[in-house]
Amino acid sequence: MTGILWAGAALAVVTLAFRAVGPVVAGRFELSPRARRIVDLCALALLAGVMATSAVADGRDFGGFARLAGVAVAGVLAWRRAPLPLVILAAGGTAAVLRLAGIE
């Protein structure tokens with residue numbers, strides 16, 4: 001148990017150090033527009049991968065068709081630039097209605 005606490009404390013210190021050094025180092029060099037675009041695309045790809053994994057899987061099992069349909073509805077509404085509260089409510093409502101209908 002003590003090892004876990006020490007590991008958590010070390011992780012907190014390293015995270016704090018990275019966050020403190022970031023703004024100091026950021027002003028010392030400038031990325032080219034192409035490099036900045038690549039970094040932005042990598043962040044977007046990582047976020048999309050996490051979202052896709054969360055939409056399809058629940059731990060090690062399939063998350064169900066209701067969840068997948070809710071994410072699909074949210075994706076379409078976000079693509080159409082709908083307001084965020086509408087996207088969230090529509091996605092949750094879609095999953096809830098499908099689960100009420102017995103579709104997991």
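**Confidence and architecture**

Tutor: Among the elements of the protein, the lowest mean pLDDT, 81, belongs to strand β1 (residues 57-58), and the highest, 95, to helix α4 (residues 84-100). This is a predicted model, and pLDDT is the predictor's confidence in each residue.

Student: What does the protein average in pLDDT, and what share of the residues score at least 70?

Tutor: The average is a pLDDT of 89, and 100% of the residues score at least 70.

Student: Into which domains is the protein divided?

Tutor: Domain 1 covers 1-30 and domain 2 covers 31-103. Between the C-alpha centres of domain 1 and domain 2 the separation is 30 Å.

Student: At what angle do helix α2 and helix α3 pack?

Tutor: Helix packing is described by an angle and by a separation of axes. Helix α2 (residues 33-56) and helix α3 (residues 65-79) pack at about 145°, with their axes 8 Å apart. On the α2 side the contact is made by S54, A55 and V56, and on the α3 side by R67, L68 and V71. Sorted by class, the contact has four nonpolar residues, one polar and one charged.

Student: Which residues does A69 touch, leaving aside those up to four places away in sequence?

Tutor: A69, which is found in helix α3, touches T94 and L98. The C-alpha atoms of A69 and L98 are separated by 8.5 Å, although the two residues are 29 residues apart along the chain. With a relative accessible area of 23%, A69 is partly exposed; the value is not under 20%, so A69 does not count as buried.

**Sequence distance and spatial distance**

Student: How far apart in space are L89 and G70?

Tutor: Separation along the chain and separation in space are read side by side. L89 and G70 are 19 residues apart in sequence and 9.7 Å apart from C-alpha to C-alpha. L89 lies in helix α4 and, at 65% relative accessibility, counts as exposed.

Student: And how far apart in space are V13 and V24?

Tutor: V13 and V24 are 11 residues apart in sequence, and 17 Å separate their C-alpha atoms. V13 has its place in helix α1 (residues 2-26). The relative accessibility of V13 is 57%, so V13 counts as exposed.

**A backbone angle**

Student: Which phi does R81 have?

Tutor: For R81, phi is positive, at about 65°, although R81 is not a glycine. R81 lies in the loop between α3 and α4. Its relative accessible area of 75% is over 50%, and R81 is therefore exposed.

Key:
Residues are numbered from 1 along each chain as its sequence is written. This is a predicted model: local features need pLDDT of at least 70, side-chain atom pairs count only at pLDDT 80 or more; totals for chains, interfaces and linings use all residues. Side-chain values use heavy atoms; hydrogens and water are left out. Domain bounds come from an automatic or database domain assignment. Axes are lines fitted to C-alpha atoms, for helices over the stretch in contact, and angles run from 0 to 180 degrees between N-to-C directions. Helices (H or I, at least four residues) and strands (E, at least two) are DSSP runs, numbered from the N terminus. Contact means heavy atoms within 4.5 Å. Ala, Val, Leu, Ile, Met, Phe, Trp, Tyr, Cys and Pro count as nonpolar, Asp, Glu, Lys and Arg as charged, and the others, Gly among them, as polar. pLDDT is the predictor's confidence in each residue, from 0 to 100. Buried means under 20% relative accessible area, exposed over 50%, partly exposed in between (1.4 Å probe, protein chains only).
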